[in-house]
Amino acid sequence: MRTLVAPSILSADFGRLAEEIASVEAAGADWIHVDVMDGRFVPNLTIGPVVVAAARRATRLPLDVHLMIEDPTRYVADFRAAGADWITIHAETCPHLHRAVQAVKETGARVGVALNPHTPESVLDYVLADLDLVLCMSVNPGFGGQTFIRSALEKVASLTEWIRVAGLGTLVAVDGGVKPANAGLLRDAGAGVLVAGTAVFGAPDRAAAILAIRGER
């Protein structure tokens with residue numbers, strides 16, 4: 001299966017957001033990744049549905065919205081209405097994870113669950129079959145440009161095998177410190193989606209960066 005690359009607009013120039021999104025779409029991006037932070041679950045405050053709606057107008061690519069927020073079920077309908085195709089919630093913010101997953105599914109969006117670096121994949125017992133995506137955080141969420149945490153490789157491999165044995169089509173994604181230098185290790189571990197911010201938006205040749213992350217050059 002071809003690895004999907006999802007540039008994160010957290011690293012884009014927000015003063016030229018539509019142009020930035022158009023640039024990575026032309027460079028070969030598969031999805032546009034949108035990091036939503038509330039300043040409570042993570043120590044940063046970013047964007048809301050209005051910016052997602054602006055991104056939706058700027059591209060035909062799937063919008064992959066990652067909710068790093070407390071009580072995400074309050075907002076999933078708003079993000080779906082704004083144009084999110086995929087909505088990922090954090091297991092750590094959902095005491096009733098099954099209920100939260102169903103709330104996302106009811107909007108019609110594809111549903112993902114994100115796991116922080118310290119969170120074991122076993123928290124997905126009894127919900128994995130309901131998921132379209134599992135997002136492994138390979139940094140502690142909150143800021144772009146952090147150093148990749150190598151233990152994510154083991155988690156990606158474990159999830160990939162679990163999904164294979166269960167006969168599911170769930171995608172495994174990785175977010176945090178992804179760059180051409182480690183993308184091959186992540187692809188080999190089974191990652192089907194690689195989220196990259198600085199490695200794409202900060203590259204002098206964005207098309208070349210996407211190809212390198214995908215393993216096509």
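Student: Why is Cys94 called buried?

Tutor: This is a predicted model, and in it Cys94 has a relative accessible area of 9%. Buried means under 20%, so Cys94 counts as buried.

Student: And what makes Cys136 buried or exposed?

Tutor: Its value again. Cys136 has a relative accessible area of 0%, and the cut-off is under 20%, so Cys136 is buried.

Student: How do you know how many disulfides there are?

Tutor: A disulfide needs two cysteine sulfur atoms within 2.5 Å. For Cys94, the closest cysteine sulfur is in Cys136, 16 Å away, so that is too far for a bond. Start from Cys136 and the closest cysteine sulfur is the one in Cys94, at 16 Å. The count therefore comes to zero disulfides.

Student: On to the rings. What makes the pair of Trp31 and Trp86 tilted?

Tutor: Two numbers. The ring centres are 4.6 Å apart, and a pair needs centres within 6.5 Å. The planes stand at 35°; stacked would be under 30 degrees and edge-to-face over 60, so this pair is tilted. The count comes to one aromatic pair.

Student: Which parts of the chain does the pair link?

Tutor: Distant ones: Trp31 sits in the loop between α1 and β2, while Trp86 is in strand β4, 55 residues apart.

Student: Why are Trp31 and Trp86 called buried?

Tutor: Trp31 has a relative accessible area of 6% and Trp86 is at 9% relative accessibility.

Student: Last one: why are α5 and α6 called roughly parallel?

Tutor: The axes of helix α5 (residues 151-166) and helix α6 (residues 180-189) cross at roughly 25° and come within 8 Å. Angles under 35 degrees count as roughly parallel, so that label applies to α5 and α6.

Student: Which residues meet there, and how do they divide into nonpolar, polar and charged?

Tutor: From α5 you have Leu153, Val156, Ala157 and Thr160, meeting Leu185, Leu186 and Ala189 in α6. The residues of this contact divide into six nonpolar, one polar and no charged.

How values were computed. Residues numbered from 1 in each chain as written. Predicted model: local features only at pLDDT ≥ 70, side-chain atom pairs only at ≥ 80, totals over all residues. Heavy atoms only, no water. Phe/Tyr/Trp six-rings, centres within 6.5 Å; stacked < 30°, edge-to-face > 60°. Helix = DSSP H or I, 4+ residues; strand = E, 2+ residues; numbered from the N terminus. Buried < 20%, exposed > 50% of the residue type's maximum accessible area, 1.4 Å probe, protein only. Axes fitted to C-alpha atoms, helices over the stretch in contact; angles between N-to-C directions. Parallel < 35°, antiparallel > 145°, perpendicular 65-115°, else oblique. Contact = heavy atoms within 4.5 Å. Nonpolar A, V, L, I, M, F, W, Y, C, P; charged D, E, K, R; others polar.
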